[in-house]
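Visitor: I would like to learn how to read a protein model. Please take me through it feature by feature.

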Amino acid sequence: MIMKNNKKQIKNEITDKINNKKLSFQTRAVHIGNDIDKDTNAIKRPITMANSYKLPHDPSVLNWSGVDDNIYTRNGGSNQKYLEKRIASLENAEDCIVLSSGVAALSGLFFSLLETGDHVIFSNVTYIAVYRLLNELFNKKFKVETTIVDTRDIANVKSAIKDNTKLIHIETPGNPTLSIVDISEIAKIAHENDILVSVDNTLASPYNQRPIELGADFSIESLTKYINGHGDSMGGSISGKAEYLDIIRRDSQVNLGGTISPFNAWLIMRGAVTLPLRMEQHNKNALKIAKFLESLSIVTFVAYPGLNSHNNHDIAVKQMGSGFGGVLSFGLDTSHDKHNEFVSNLNIITSAVSLGHDESLIVFIGEDDERQYLYPEEFNNGFFRFSVGLEDSNDLINDINQALIKTGIL
Ligand SMILES: *Cc1c(COP(=O)(O)O)cnc(C)c1O
């Protein structure tokens with residue numbers, strides 16, 4: 001049977017007219033992927049909540065595992081495709097695939113690229129699921145070799161490279177230590193050795209940093225965080241060259257089932273419109289609060305790439321420009337219990353995981369965290385990861401102040 005595999009082009013009058021790299025990030029965030037609805041002339045595209053599509057007269061021409069024809073929503077849906085256009089443009093990438101979560105993007109990438117006998121190098125500071133996938137699942141189940149490296153030092157990366165190294169995966173800024181890794185240096189050494197590079201760009205967002213422009217092969221985003229930005233839907237994306245993404249798309253959606261729901265894709269599309277505005281506020285608020293925390297004697301350290309005191313501030317400036325995101329970590333010189341008491345005394349800032357939401361979120365990571373051994377020493381006595389939200393920065397500073405006083409530590 002001949003498998004038909006012609007890419008069905010979505011009609012994109014507006015998108016095609018303005019899909020021009022000379023237009024600014026802000027303009028593309030508003031327009032790319034949106035268009036006039038052909039049925040109603042509505043100036044916003046509708047949500048298509050259908051699982052299945054009418055088959056052609058002779059369905060045997062279809063590839064049931066294909067992702068280009070409208071067959072079944074697990075193979076891909078229209079809202080997802082609109083969002084893929086927008087994210088690809090914002091990442092300055094040839095193509096993008098949007099999936100159900102950031103972890104679906106990471107696992108889809110690893111599953112597609114890696115085979116038994118391959119070797120992967122990954123950063124000591126990464127999202128927890130990367131550690132689980134590579135260090136506990138892929139190596140034990142599929143005999144993929146893995147090496148954890150402090151990728152801040154390029155010499156460590158060089159000496160970890162082997163003949164079978166297929167991929168270097170880094171995260172910068174790293175969650176939760178805010179470590180900064182030089183993306184273009186890593187890409188240079190990797191490509192000299194025919195190795196692919198993936199960068200988890202979630203903490204920066206493509207507004208502050210674009211890994212593809214810096215030489216990476218893949219940029220991964222948890223859309224759940226800044227790109228959706230409102231804490232109400234999950235998604236993930238992989239951006240990069242079409243030659244790889246065509247394969248990853250099939251594996252991660254049709255076969256692994258990580259397809260995003262049309263409703264979540266639509267919500268994220270809406271959130272992405274204000275990404276530039278929100279990131280400006282996150283960047284400004286976080287820098288101000290980082291400086292405020294640094295001025296308090298009870299605070300043992302503040303990790304934020306925008307501070308001069310950050311050990312890789314110069315690299316952050318080189319690859320992030322002037323925006324360093326909304327996440328920072330800090331330590332308090334007090335007991336375990338007082339850390340929790342401080343959080344309970346906060347009124348505006350909420351104790352919850354996740355980051356990049358509209359509201360400020362804080363999480364206490366205790367001194368017995370399982371990955372503490374991979375972090376710099378100052379993180380070993382327990383610390384806070386603080387995702388600074390869009391609230392007024394003075395209100396946030398006052399909230400921290402009153403909670404420190406109420407806890408009896410200021
Ligand atoms: C949250 C996060 C992820 C995972 O994304 P989900 O959408 O929660 O699956 C991956 N990487 C980083 C850096 C994250 O912060």
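Guide: Start with helices and strands: helices (H or I, at least four residues) and strands (E, at least two) are DSSP runs, numbered from the N terminus. The expected span of a helix is 1.5 Å times one less than its number of residues. This is a predicted model, in which local features need pLDDT of at least 70, side-chain atom pairs count only at pLDDT 80 or more, and totals for chains, interfaces and linings use all residues. Residues are numbered from 1 along each chain as its sequence is written, and side-chain values use heavy atoms, with hydrogens and water left out.

Visitor: How many residues does helix α3 have, and how far does α3 reach from its first C-alpha to its last?

Guide: Helix α3 covers residues 78–91, which is 14 residues, and reaches 20 Å, close to the 20 Å expected at 1.5 Å a residue. After α3 comes Asn92, with a positive phi near 60°.

Visitor: In what order do the seven strands of the open sheet run?

Guide: Two strands pair if DSSP finds at least two bridges between them. Here the order is β1-β7-β6-β5-β4-β2-β3, with mixed pairing. β1 (95–99) and β3 are at the edges with a single partner strand each, so one side of each has no neighbour in the sheet. Angles are taken between axes, which are lines fitted to C-alpha atoms, for helices over the stretch in contact, and they run from 0 to 180 degrees between N-to-C directions. Direction ignored, neighbouring strands of this sheet are turned by 20° against each other on average.

Visitor: In what sense do β1 and β7 pair, and what packs on the sheet?

Guide: β1 pairs with β7 (residues 236–240) in the antiparallel sense, over five bridges. Ile97 has Ile238 in β7 as its bridge partner. As for packing, contact means heavy atoms within 4.5 Å. Helix α3 packs on this sheet and touches β1, β6 (218–222) and β7, with its direction at about 130° to that of β1.

Visitor: What is the order of the five strands in the other open sheet?

Guide: That order is β8-β9-β12-β11-β10, and the pairing is mixed. The edge strands, pairing on one side only, are β8 (299–303) and β10 (350–351). β10 pairs with β11 (residues 361–365) in the parallel sense over two bridges, and Ser351 has Ile362 in β11 as its bridge partner. Helix α11 (residues 275–294) packs on the sheet and touches β8, β9 (327–332) and β12 (383–387); the direction of α11 makes about 15° with that of β9. Helix α13 (residues 336–344) also packs there, touching β9, β10, β11 and β12, and its direction makes about 170° with that of β11.

Visitor: Which residues of β12 lie on each of its faces?

Guide: Phe383, Arg385 and Ser387 are on one side and Phe384 and Phe386 on the other, and all are buried. β12 pairs with β9 in the antiparallel sense over four bridges, with Phe330 opposite Phe384. β12 also pairs with β11 in the antiparallel sense, over five bridges, where Ile362 has Phe386 as its partner.

Visitor: Is Lys143 buried or exposed?

Guide: Lys143 lies in the loop between α5 (128–142) and β3 (145–149), and is exposed because its relative accessible area is 58%. Not counting residues up to four places away in sequence, Lys143 touches Thr116, Gly117 and Phe138. By contrast, Asn124 sits in the loop between β2 (119–123) and α5 and counts as buried, at 12% relative accessibility.

Visitor: Which residues come nearest to the ligand?

Guide: A residue is near a molecule or strand if one of its heavy atoms lies within 4 Å of it. Of the 16 residues around the ligand, Gly102, Asp200, Ser222, Thr224 and Lys225 come nearest.

Visitor: How far is a polar side-chain atom of Asp200 from a nitrogen atom of the ligand?

Guide: The distance is 2.7 Å. An oxygen atom of the ligand is 2.8 Å from a side-chain N or O atom of Ser222, and an oxygen atom of the ligand is 2.6 Å from a side-chain N or O atom of Thr224. A polar contact is a pair of N or O atoms within 3.5 Å; within protein, one must be able to donate a hydrogen and the other to accept it, and residues adjacent in sequence count only if both atoms are side-chain atoms.

How values were computed
Buried < 20%, exposed > 50% of the residue type's maximum accessible area, 1.4 Å probe, protein only.
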